[in-house]
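Student: I'd like a close look at one part of this protein: its charged side chains and the region around them. Please take me through it step by step.

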Amino acid sequence: MESAAAASGERPILPALLLIRRLDETFAAELRQRFRVLDFYASGEALPAFLAAAATVPDPPRAAVVMGGGAARVDASFLDAVPSLRFVFSTGAGVDHIDLDECARRGVAVANSGRVYSADVADHAVGMLIDVLRRVSAAERFVRRGLWPVRGDYPLGSKDLASESDVLVVACALNKETMHIVNKDVLEALGKDGVIINIGRGRNIDEVELVRALLDGTIAGAGLDVFENEPKVPAELLSMDNVVLTHHVAVFTSESRSDLRNITIGNLEAFFSGKPLLTPVLP
C-alpha cells in the first residue's frame, strides 16, 4: 500500500541517526541521503547537551554511529540520555567503548566494522616490523641529517628476520582480561632480540614497562600504532631509533574507507528494515 507521505507527494520522513564521529564529506553525504543525521561534532555542543536535545526531537533516534576512543562511551548514562536508542554501530573493530552487557540488558543491538580493516592492519603491522628490523626509518633520518658522508654507512639491520628475531604482534581486543596483557614478565620473556608490534589497543601493553624495556635493552625494538593515552606519546619513545611510531592509522586506506561506508550503511539499513545485522557483536 502506498504511504500517506508518498500519496501526498511529500518527502518521507527519514529515520533519525545519532552521529558521534567525524567523517569525510563523501561518507557524511551518503548518510544524509538515507537518514536524518544528528551530528555531534557539527552541533558544537557538549555531549550531555547534545544527547538531551537529540532525545527530544520528533521521532527521536533509534540508532547511533560511534567510534572507539572518541568523545562518547556507550554506557548506562549514555543510554539513559537517549532512551529511544535500539542500535549502536561502532566504526572500529574494538568495542571497549561500549558496555555490551548494558546494551543487551536494554535490548540495544550492537555491530562493528567486522573484518573491514583486517588486511590493511596486517599490512601495516608487517611494514612496521620490517622497518624496525631493517632500521628503514632510522636510516632515512640518518641520510636526511647529512650524516652519511660524515659517519659512513648506517649500522646494518637484521636480514635473517625469522631465525634471528622473536616477534610479538599485539592484535587483541581490549577488555578486562587483556588490559596490560603485555607486562614486564612478557617483555622479559620476549628477550633482547625481541620486537613488539602493537596494532591493537594502547592499553594492551603496560607502556611504562615497555619504555623501560626499550631503554635498558630488555627487548630490541618496537613498532607502535596505538598508545595508552592518545594522542600523547611518551617522550622517551620519540628519540629511539629502534622504535617506529604511527598515529593510530593502520586502518586508514582508501579501500578501507570505502568498505567502512558500505558496512556502516548496510548495518543501519538492516536494522531499520528489521533484517539481521551484517556484523553483530554479542556480549
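Tutor: Start with Glu30. Its relative accessibility is 22%, so Glu30 counts as partly exposed. Keep in mind that this is a predicted model. Glu30 forms a salt bridge with Arg261, and the closest N and O atoms are 3.7 Å apart. Arg261 belongs to helix α14 (residues 254–272) and Glu30 to helix α2 (residues 25–34), so the bridge ties together parts that are 231 residues apart in sequence. What about Arg261, buried or exposed? Arg261 has 16% relative accessibility, so it counts as buried. The cut-off for buried is under 20% relative accessible area.

How many salt bridges are there in total? The count comes to 13. Here are two further pairs.

Take Arg201 and Asp96. They form a salt bridge too, with the closest N and O atoms 3.1 Å apart. Both partners sit in loops: Arg201 between β7 (194–198) and α12 (207–215), Asp96 between β4 (87–90) and α6 (100–106). The pair therefore ties together parts that are 105 residues apart in sequence. Arg201 is buried at 18% relative accessibility. Asp96 is partly exposed, at 21%.

Now look inside helix α12. Arg212 and Glu209 form a salt bridge, and the closest N and O atoms are 2.7 Å apart. Why can these two meet within one helix? They are three residues apart in α12, which means about one helical turn separates them. Arg212 is partly exposed, with 41% relative accessibility. Glu209 is buried at 17%. Elsewhere, salt bridges with shared partners join Asp80, Glu102, Arg105 and Arg106 into one network.

Next comes a charged residue without such a partner. Asp225 lies in the loop between β8 (221–224) and α13 (235–238). Asp225 is buried, yet it has no salt bridge. Which side chain of opposite charge is nearest? Arg201 is, at 8.1 Å. Asp225 still has contacts. Leaving out residues up to four places away in sequence, it touches His124, Met128, Asn198, Ile199, Glu230, Thr246, His247, His248, Val249 and Ala250.

β8 pairs with β7 in the parallel sense, over four bridges. Leu224 of β8 is the bridge partner of Asn198. Between those strands the chain runs from β7 through α12 to β8, and this β-α-β crossover is right-handed. β8 also pairs with strand β9 (residues 243–245), again in the parallel sense, over three bridges. Here Ala222 has Val243 in β9 as its bridge partner.

Now check the backbone. Most residues other than glycine have a negative phi, and most peptide bonds are trans. The bond from Glu230 to Pro231 is cis, with omega near 5°. Pro231 lies in the loop between β8 and α13.

His248 sits in the loop between β9 and α14. Its relative accessible area is 27%, so His248 is partly exposed. His180 also has a positive phi, near 55°, and is not a glycine. His180 lies in the loop between β6 (166–170) and α11 (184–190). At 26% relative accessibility, His180 is partly exposed.

One last check concerns the cysteines. A disulfide is a covalent bond between the sulfur atoms of two cysteines. How many disulfides does the model have? The count is zero. Cys103 is buried, with 0% relative accessible area. Cys172 is partly exposed, at 28% relative accessibility.

To close, return to the charges. Arg201 has a salt-bridge partner in Asp96.

How values were computed
Residues numbered from 1 in each chain as written. Predicted model: local features only at pLDDT ≥ 70, side-chain atom pairs only at ≥ 80, totals over all residues. Heavy atoms only, no water. Salt bridge = Lys/Arg side-chain N within 4 Å of Asp/Glu carboxyl O. Buried < 20%, exposed > 50% of the residue type's maximum accessible area, 1.4 Å probe, protein only. Lys, Arg positive; Asp, Glu negative; His and termini not counted. Contact = heavy atoms within 4.5 Å. Pairing = 2+ DSSP bridges. Right-handed = clockwise from strand over helix to strand, strands pointing away. Disulfide = S-S within 2.5 Å.
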